[in-house]
Amino acid sequence: MFKKFIVIIVTITLFITIGCSRITPPVDANIPQDKQTGPQEDQDSSTNPLPPPETENSDTFMLKIGEATKDTISYRDIASVAVLVNKQNELPSDYVPPDLVEVNIPFTFKEKVEKRLMRQEAAEKLAELFAVAKKENIILYGVSGYRSYQTQKSLFAYFTQRDGSEEKANLISARPGESEHQTGLAMDISSQSVNFGLVENFGDTKEYAWLKDNAHNFGYVIRYPKGKEHITEYSYEPWHLRYIGKDLATKLYEEKITYEEYLFFKI
Ligand SMILES: [Zn+2]
């Protein structure tokens, strides 16, 4: 009788435990559960509330950083054009790309400053992209390329002081080391149609439409697309282009996925 009682208690306990684990939603450390707004790394962009995470991604975002599905991609190698830089993968404070050159494109400013620079391969491909775009009557301008760790640090300190805390600053500015601009592989691009600004409605222009469909042919991707904010942890930034190499850019374009999804999702 006592044994039977124990068996019943154990059975009930097991039933409750299994039941609870079934109704607990999947939690993944890579998905910010509490993020309603994301950081923007570009000083002159506005903050926008992020859309709620799509529940399907909670299930598909299976792997954590360090468990990448694509072992052949050197996303941890800072010398590689495929280097991954985000909130989980930061660059060393003393990292300066070894082959920075001035990009041969029109800029929205005249000064000879570091934001004209990119790594050589990225610079050559971007100049090609701009030239082909121009032939098709798409006139683009560079706004901001390479940004040193020190520049990003000053920018972040400015926002921290202005907004009262690092947390608040981080909503509109990347922490030093977490900006792709330090890789020398990113360029913010704009057009006359949006007054050369880094604004969300650049995403509604014919210039953006052209970039979206053609950038991969030159090894570039729109790094922070709309609807993927909960994965990239950055707000929608239609102006931010990242050089990643033609093969990889083409894969991301064809599958309509971000680099994080490519590396860490089971697809
Ligand atoms: Zn940018």
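Visitor: In which helix is phenylalanine 156 found?
Guide: Welcome! This is a predicted model, and the secondary structure of its chain comes to nine helices and six strands. The stretch to look for covers residues 149–163. Phenylalanine 156 sits in helix 4.

Visitor: Is phenylalanine 156 buried or exposed?
Guide: A residue counts as buried under 20% relative accessible area, and as exposed over 50%. Phenylalanine 156 has a relative accessible area of 6%, so this residue is buried.

Visitor: How many Å separate leucine 155 and alanine 174, C-alpha to C-alpha?
Guide: Leucine 155 also belongs to helix 4. It is buried because its relative accessible area is 14%, and a residue counts as buried under 20%. Along the sequence, leucine 155 and alanine 174 are 19 residues apart, while in space their C-alpha atoms are separated by 8.7 Å.

Visitor: What share of the chain counts as buried?
Guide: The accessible surface of the chain comes to about 14000 Å², with 55% of it belonging to carbon and sulfur atoms. As for contacts between residues at least 6 apart in sequence, 69% join residues at least 24 apart. Of the 267 residues in the chain, the share that counts as buried is 48%.

Visitor: Which residues are the protein donors of the zinc ion?
Guide: The donor residues follow the spacing H-x6-D-x51-H in sequence. Both histidine 181 and aspartate 188 are buried. Lying 2.1 Å from the zinc ion, the protein donors are His181 (NE2), Asp188 (OD) and His240 (ND1).

Visitor: How many Å separate the C-alpha atoms of methionine 187 and tyrosine 243?
Guide: Methionine 187 has its place in strand 4. With a relative accessible area of 0%, methionine 187 is buried. Methionine 187 and tyrosine 243 are 56 residues apart along the chain, and their C-alpha atoms are separated by 8.5 Å.

Visitor: What is the phi of asparagine 195, and where is this residue placed?
Guide: Most residues other than glycine have a negative phi. Asparagine 195 is not a glycine, yet its phi is positive, at about 55°. This residue is exposed, with a relative accessible area of 67%. Its place is in the loop between strand 4 (186–190) and helix 6.

Visitor: What is the phi of phenylalanine 196?
Guide: Phenylalanine 196 lies in the loop between strand 4 and helix 6. With a relative accessible area of 32%, phenylalanine 196 is partly exposed. Its phi is positive in a residue other than glycine, with a value near 60°.

Visitor: Is aspartate 204 buried or exposed?
Guide: Aspartate 204 is found in the loop between strand 4 and helix 6. Valine 194 is 10 residues from aspartate 204 in sequence, and their C-alpha atoms are 9.6 Å apart. The relative accessibility of aspartate 204 is 66%, so this residue counts as exposed.

Visitor: What do the buried residues of helix 8 pack against?
Guide: The buried residues in helix 8 include Leu248, Ala249, Thr250 and Leu252. After helix 8 comes lysine 256, with a positive phi near 55°. The buried residues of helix 8 pack against strand 5 and helix 9 (259–264).

Visitor: How much space lies in the largest pocket, and which residues are the closest to its centre?
Guide: The largest pocket holds about 450 Å³ of space. Its lining has 21 residues, and the closest to the centre are Lys212, Pro225, Leu252, Tyr253 and Lys256.

Visitor: Which elements each supply at least two residues of the lining of the largest pocket?
Guide: By class, this lining has 13 nonpolar, two polar and six charged residues. The elements that each supply at least two of the lining residues are helix 6 (206–214), strand 5 (220–224) and helix 8 (246–255).

Note on methods:
Residues are numbered from 1 along each chain as its sequence is written. This is a predicted model: local features need pLDDT of at least 70, side-chain atom pairs count only at pLDDT 80 or more; totals for chains, interfaces and linings use all residues. Side-chain values use heavy atoms; hydrogens and water are left out. On a 1 Å grid over the protein atoms alone, a cavity is a set of points where a 1.4 Å probe fits but cannot get out, and a pocket is an open set with protein on both sides within 12 Å along at least five of seven lines; lining residues have an atom within 4 Å of a point. Grid points are joined across faces, edges and corners, and a volume is the space filled by probe spheres set on the points. Helices (H or I, at least four residues) and strands (E, at least two) are DSSP runs, numbered from the N terminus. Ala, Val, Leu, Ile, Met, Phe, Trp, Tyr, Cys and Pro count as nonpolar, Asp, Glu, Lys and Arg as charged, and the others, Gly among them, as polar. Buried means under 20% relative accessible area, exposed over 50%, partly exposed in between (1.4 Å probe, protein chains only). Contact means heavy atoms within 4.5 Å. Accessible areas come from the Shrake-Rupley method with a 1.4 Å probe; for residues, only the protein chains shown count as cover. Donors are N, O and S atoms within 2.8 Å of the metal (3.2 Å for Na, K and Ca); water is not among the atoms, so sites may look incomplete.
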